[in-house]
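Hi,

Here is the structure I promised to pass on. My notes on what I found follow below it.

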Amino acid sequence: MYKKQILITGGAGFIGSHVVRLFVNKYPDYHIINLDALTYAGNLNNLKDVESKSNYTFVKGDICDFDLIRSIFEKYKEIDTVIHLAAESHVDRSIKDPFLFAKTNILGTLNLLEAAKNLWNNNLKNKLFYHISTDEVYGSLSDEGFFTETTAYDPHSPYSASKASSDHFVRSFYDTYKLPVVISNCSNNYGSYQFPEKLIPLFINNICSNKELPVYGKGENVRDWLYVEDHARAIEVILHKGKIGETYNIGGFNEWKNIDLIKVLIKTVDKFLGREEGASEKLITYVKDRAGHDYRYAIDASKLKEELGWQPLLQFEEGIEKTVKWYLNNDEWVSNVVNGDYKKYYQEMYEDK
Ligand code: NAD
Ligand code: TYD
């Protein structure tokens, strides 16, 4: 008899895999059911260290398929908590294919909300639908100010518009059906197992293989970076102590101009590879700016700190060193992800069963 049965969606992705790992290892009395469609961004190799644990179950499934979602909720009737991370997550891809983002991020979320509502209909006690969102819903800041939980939504990319819409649906289920929900909006994450299309892993790999580093615009955009394990801990705290119906902003108190961050990456990778300091700066290549590129994101995470006692543990320099080391030591993971070999691994592991 488990104390909690948590459905985690998108658990084979970057952040999701860290969240699954934390809960499976730290809470043997919780059953963790990881529901993931294994898109290009989902990778079961991210979870090899927990896949044989008795409190962990993997289910392959698409959140856009309502019948499937309903059948999963029927099979695992004891699910009392949903941590919803599954999403299309890359802004550049959303510019190319906005429909996919609307489908997965909006309709997929609506399917989960509806299925949870149906399952919990008569008993909402000790239930929680926890929706994981992004600071990008708030739009773009100038050099001053921070996003707080009351900042008006002003998304600019199809990605952030789809996440904003999903946040609104989550809140509407709280207001309309009293579904117990909580939302957190987090800043940019970095760390191990991030798909090498996002800035930090892409640039680490390109520096290693002496490829150009495509800096959008002038490289002056600002992001607030948080180590992924600190995000997973924030999710743990909010799940246990967050107030129903509330939103919590999660951030690193750690703003970097892209070009300055890129120079730190170059310095760190060059140091580990024994190259002369700054040798790879020649790889910096300024390219056409991203369409609708938000200038600055910066989170005020003081509500989470003051009300629930969370704050980031890892200093940025240490986090970057750990991340660079991880990518240098896991080049096989990188080439498998890029080559799609992990899909073969999945087929061998699950499809024949
Ligand atoms: P990711 O792209 O690495 O992983 C997404 C996961 O969702 C993958 O495992 C993928 O297979 C799965 N998925 C995609 N479509 C699916 C579908 N239709 N059905 C089931 N599974 C599906 O994303 P990430 O960076 O780990 O982000 C996870 C969540 O956190 C997202 O909701 C994202 O919006 C949010 N977020 C991300 C960041 C960040 O910096 N990466 C910051 C704040 C919030
Ligand atoms: P990214 O990792 O895509 O996260 P997001 O767009 O969600 O913030 O990008 C981080 C920043 O880096 C963003 O300002 C865009 C910029 N960027 C580049 O300059 N070049 C690149 O190749 C990528 C992927 C991002």
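Predicted model: local features only at pLDDT ≥ 70, side-chain atom pairs only at ≥ 80, totals over all residues.

A polar side-chain atom of Asp-62 sits 2.8 Å from a nitrogen atom of ligand 1, a polar contact (a pair of N or O atoms within 3.5 Å; within protein, one must be able to donate a hydrogen and the other to accept it, and residues adjacent in sequence count only if both atoms are side-chain atoms).

Residues are numbered from 1 along each chain as its sequence is written, chains are lettered from A and ligands numbered from 1 in the order in which they are written, and side-chain values use heavy atoms, leaving out hydrogens and water.

The shell around ligand 1 (residues with a heavy atom within 4 Å of it) has 30 residues, and Asp-36, Asp-62, Ser-89, Tyr-159 and Lys-163 come nearest. Strand S5 gives the most to this shell, with three residues; strands (E, at least two residues) and helices (H or I, at least four) are DSSP runs, numbered from the N terminus.

Ligand 2 has 18 residues around it, and the closest are Glu-136, Pro-214, Arg-223, Arg-290 and His-293. A polar side-chain atom of Arg-223 lies 2.7 Å from an oxygen atom of ligand 2. For Asn-258, a polar side-chain atom is 2.9 Å from an oxygen atom of ligand 2. The protein covers 97% of the 510 Å² of accessible area that ligand 2 has on its own.

Then there is helix H2 (residues 66-75), where Ile-69, Ile-72 and Phe-73 are buried (under 20% relative accessible area; exposed is over 50%, partly exposed in between; 1.4 Å probe, protein chains only). These three are on the same side of H2 because they cover an arc of only 95° around the axis, taken from the directions from the helix axis to the C-beta atoms. Asp-67 and Lys-75, on the other side of H2, are exposed.

Best wishes

Methods:
Areas by Shrake-Rupley, 256 points an atom, 1.4 Å probe, with all protein chains shown as cover.
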